[in-house]
Amino acid sequence: MGFKEIRKSNAFSVSLIILCMIAVMCVLKKNYLSGDNISALLKVLSVTTLVGLSQMVSIASGGMNVSIGATGAMSAILSSMLMQNAGVLPLLAVLAGILTGVVCGIVNGLLIYRNGGVGVASFLTTLATNSVFTGIIYMITTGHGVSNIPPGFLAIGNSKIGVFPTSVLVAAALLTAVWMMFRYAKAGRQILAFGANPKAAELYGISRFKTIMAVNIIASIIAAIAGMLVVMRVGSAQPDIGSDWMLQSFAAPLIGGTRQAGGKVDVFGVVLGALVLTIIENALVHLGVDVYWTELINGIVIIGIMALDRIRDMKK
């Protein structure tokens, strides 16, 4: 790929935006690139990246999942309650959190399949399960968080391996696994083929049921891990974990170059999209801007990206 092609790529454009944002913040805040701020940015970035990666897997199949936040919260709450109330070891609690994600994924997959499989059906179905999962969370917690978390569990999210926080390495491992799935695995190619044209994919022998189930289970496992990373970072499990993930989950992959209609993904582009969102949020905090502006800005960013995605499709 020559420089001309690189310059026209989505990754180049987003990277240029990121560099400009960092440059502006360095001018406004002299200590913006301090070690503490970079560490904080990386920890938030790891969660935002996983949230976007989870949604990207759903979008790849031509669907969407608005229950990602509730799934992450379910896993975080249940794993934390097991440690607090039953004395479960941190490693077993992590496995229980992942299993919770699998169950949520199975529920979503079965319901989405029965309701049509993709597009609007996936949106309406996960909108309903989002309410169900959220209701379960508030029923079992009565609206109170879980704060008596063992230090061993919290250390996973706050420790470092070399210069990198553990949470960043976890996110990197999941990104690599998903990239390899779409790049080399038969299942990944089938998901993309199904997302590009579900009817044609079925004619070629790709199972609608297996594809929808695989997509939702993988997406929910990633969301579950993201929820537990939040608990490790903040030190408690609150019922509203993931309540602000919906916009982030769509913005990160779309900014990164994933095709809105499905069939095309950019796994590592999700990192760039997540970095844009993380820098915006971090910059607003440093500049003392009301946190509610974050939602407004993220919404405007998504509208802009959707418009650009539509323009790209029309040109093609």
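This is a predicted model: local features need pLDDT of at least 70, side-chain atom pairs count only at pLDDT 80 or more; totals for chains, interfaces and linings use all residues.
**Helix α11**

Let us start with α11, which covers residues 208-234.

At the start, a side-chain oxygen of S207 comes to within 3.4 Å of the backbone nitrogen of F209. After the helix comes G235, and its phi is positive, near 90°.

R208 and E202 join their side chains in a salt bridge, with 2.8 Å from N to O. The count of salt bridges comes to one. R208 has a relative accessible area of 18%, which is under the 20% cut-off, so it counts as buried. E202, at 34%, is partly exposed.

**Around the end of α11**

L154 belongs to helix α7, residues 151-158. Setting aside neighbours within four places in sequence, L154 is in contact with I149, V231, M232 and G235. That list includes G235, the residue that follows α11. The C-alpha atoms of L154 and S236 are separated by 9.0 Å, although the two residues are 82 apart along the chain.

S80 sits in helix α4, residues 68-86. Which residues does S80 touch beyond its neighbours within four places in sequence? They are V146, I149, V231 and A237. I149 and V231 are also among the contacts of L154. S80 has a relative accessible area of 0%, so it is buried. Its side chain reaches the backbone oxygen of A76 at 2.7 Å.

An α-helix has 3.6 residues a turn, so residues three or four places apart point the same way.

**Aromatic pairs**

How many aromatic pairs does a search of the whole structure find? The search finds three. In one of them, the ring centres of Y113 and F209 are 5.1 Å apart and the planes meet at 80°, so this pair is edge-to-face. Y113 lies in helix α5 (residues 90-114) and F209 in helix α11, so the pair links distant parts of the chain, 96 residues apart. W179 and F268 form a tilted pair, with 6.1 Å from centre to centre and 50° between the planes. This pair, too, links distant parts of the chain: W179 is in helix α8 (residues 166-184), while F268 is in the loop between α12 (245-256) and α13 (269-286), 89 residues away. W179 and F268 share one aromatic cluster with Y184.

| Residue | Relative accessible area | Class |
|---|---|---|
| Y113 | 30% | partly exposed |
| F209 | 35% | partly exposed |
| W179 | 31% | partly exposed |
| F268 | 41% | partly exposed |

Conventions: Residues are numbered from 1 along each chain as its sequence is written. Side-chain values use heavy atoms; hydrogens and water are left out. Helices (H or I, at least four residues) and strands (E, at least two) are DSSP runs, numbered from the N terminus. The expected span of a helix is 1.5 Å times one less than its number of residues. A polar contact is a pair of N or O atoms within 3.5 Å; within protein, one must be able to donate a hydrogen and the other to accept it, and residues adjacent in sequence count only if both atoms are side-chain atoms. A salt bridge is a side-chain nitrogen of Lys or Arg within 4 Å of a carboxyl oxygen of Asp or Glu. Buried means under 20% relative accessible area, exposed over 50%, partly exposed in between (1.4 Å probe, protein chains only). Contact means heavy atoms within 4.5 Å. Rings of Phe, Tyr and Trp (its six-membered ring) pair if their centres lie within 6.5 Å; planes under 30 degrees apart count as stacked, over 60 as edge-to-face and the rest as tilted.
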